[in-house]
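Here is a short tour to follow with the structure open beside you. Take your time over each stop and turn the view as you go.

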Amino acid sequence: MQQLTQSLCFLALTGMIACGNPTSKKGIDPEALDSVQAQHNKELAAATAKRNTLRAGELIALAGCKDLNCIEQYMKNLSPDFIYLRKGEWAAQQRITIADTSGNELTLPASTFYVDTNPQASWRAAHTVHTKEQGERLLDEFKSFGFQLAGEGYYLGLKSKQQQYISGKYPGISLYLTATFRPWGLKGLYENNVTWPCYVFEAYEDQ
């Protein structure tokens, strides 16, 4: 009797193993797997930054904003390339490694966009890029919109000499470009002293 019972149990067990879960025979559906992978890639692409600076056309558009709310709404649409840090500050999601004047390597956001929310500020908004190559590329974009050098001096922004560019295609808007080691040192945007050259782009409607 005991042997018969063991035999029946063995047959039942082997039957379960042989039959298993009916759905397991189907395995993984390649089409379903492709669909899941495609959705994953779509979500990943939507969250991945594709560039590390603002474009000339975007800075021109931002120059038309009259208040912080307008700028915040505009910058919201530039996610995930730019992420919100705190009131008046955005940073490129992409990070780069640069060498300072002493040869030390630093990793930081590729660029920033900063708005002075102080109503008494003599300037409104500035886009700072951290490499010469970025600066040259963005300036070339402005030049493609007809911006030409109009003068050099000390204008509304930093306490550094700036170049002013204007374009007949965009009357009433000026671009100010500054190469500086002191982008916004007094504003607390950088934890330590800036020891690499920055290039600051300020686009404003002429007052």
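## A hairpin to begin with

Five residues lie between strands β3 and β4 in their hairpin, and Gly-103 has a positive phi near 90° there. Please keep in mind throughout that this is a predicted model. The two strands, β3 (residues 95-99) and β4 (residues 105-109), run antiparallel and are paired over five bridges. Within that pairing, Thr-97 has Thr-107 of β4 as its bridge partner. Strand β3 also shows two faces: Ile-96 and Ile-98 make up the covered one, while Arg-95, Thr-97 and Ala-99 make up the uncovered one.

## The open sheet

Next comes an open sheet of eight strands, antiparallel in its pairing, in the order β1-β2-β5-β6-β10-β9-β8-β7. Its edges are β1 (82-86) and β7 (148-153), each of which pairs on one side only. From one strand to the next, the twist averages 25°.

Inside this sheet, β6 (residues 125-129) and β10 (residues 198-205) are antiparallel and joined by three bridges. His-127 can be found opposite Phe-201 of β10.

## Two helices and what they cover

Helix α5 lies across β6, β8 (162-166), β9 and β10, and runs at about 25° to β10. How do the axes of α3 and α5 cross? The axes of α3 (residues 56-63) and α5 (residues 132-144) come within 8 Å, with a crossing angle of roughly 70°. Angles of 65 to 115 degrees count as roughly perpendicular, so α3 is roughly perpendicular to α5. Ala-56, Leu-59 and Ile-60 of α3 make the contact with Leu-138, Glu-141 and Phe-142 of α5.

How many residues of α3 are buried? Six of its eight are, which leaves the helix mostly covered. They are Ala-56, Glu-58, Leu-59, Ile-60, Leu-62 and Ala-63. These buried residues pack against α4 (68-76), β5 (111-115), β6, α5, β9 and β10.

## Cysteines and a threonine

The disulfide count comes to one. The link joins Cys-65 and Cys-70, whose sulfur atoms are 2.1 Å apart. It is left-handed, with -60° about the S-S bond.

Thr-180 belongs to strand β9 (residues 173-180). The side chain of Thr-180 reaches the backbone nitrogen of Arg-182 at 2.8 Å. Beyond its neighbours within four places in sequence, Thr-180 is in contact with Leu-158, Ser-160, Trp-196, Pro-197, Cys-198 and Val-200.

Are these cysteines and Thr-180 buried or exposed? The table gives the state of each.

| Residue | Relative accessible area | State |
|---|---|---|
| Cys-65 | 2% | buried |
| Cys-70 | 30% | partly exposed |
| Cys-198 | 0% | buried |
| Thr-180 | 5% | buried |

Because buried means under 20% relative accessible area, Cys-65 at 2% qualifies, whereas Cys-70 at 30% is partly exposed. Thr-180, at 5%, is buried, and Cys-198, one of its contacts, is buried at 0%.

Notes:
Residues are numbered from 1 along each chain as its sequence is written. This is a predicted model: local features need pLDDT of at least 70, side-chain atom pairs count only at pLDDT 80 or more; totals for chains, interfaces and linings use all residues. Side-chain values use heavy atoms; hydrogens and water are left out. A disulfide is a pair of cysteine sulfur atoms within 2.5 Å. Buried means under 20% relative accessible area, exposed over 50%, partly exposed in between (1.4 Å probe, protein chains only). Helices (H or I, at least four residues) and strands (E, at least two) are DSSP runs, numbered from the N terminus. Two strands pair if DSSP finds at least two bridges between them. A polar contact is a pair of N or O atoms within 3.5 Å; within protein, one must be able to donate a hydrogen and the other to accept it, and residues adjacent in sequence count only if both atoms are side-chain atoms. Contact means heavy atoms within 4.5 Å. Axes are lines fitted to C-alpha atoms, for helices over the stretch in contact, and angles run from 0 to 180 degrees between N-to-C directions. Angles under 35 degrees count as roughly parallel, over 145 as roughly antiparallel, 65 to 115 as roughly perpendicular and the rest as oblique.
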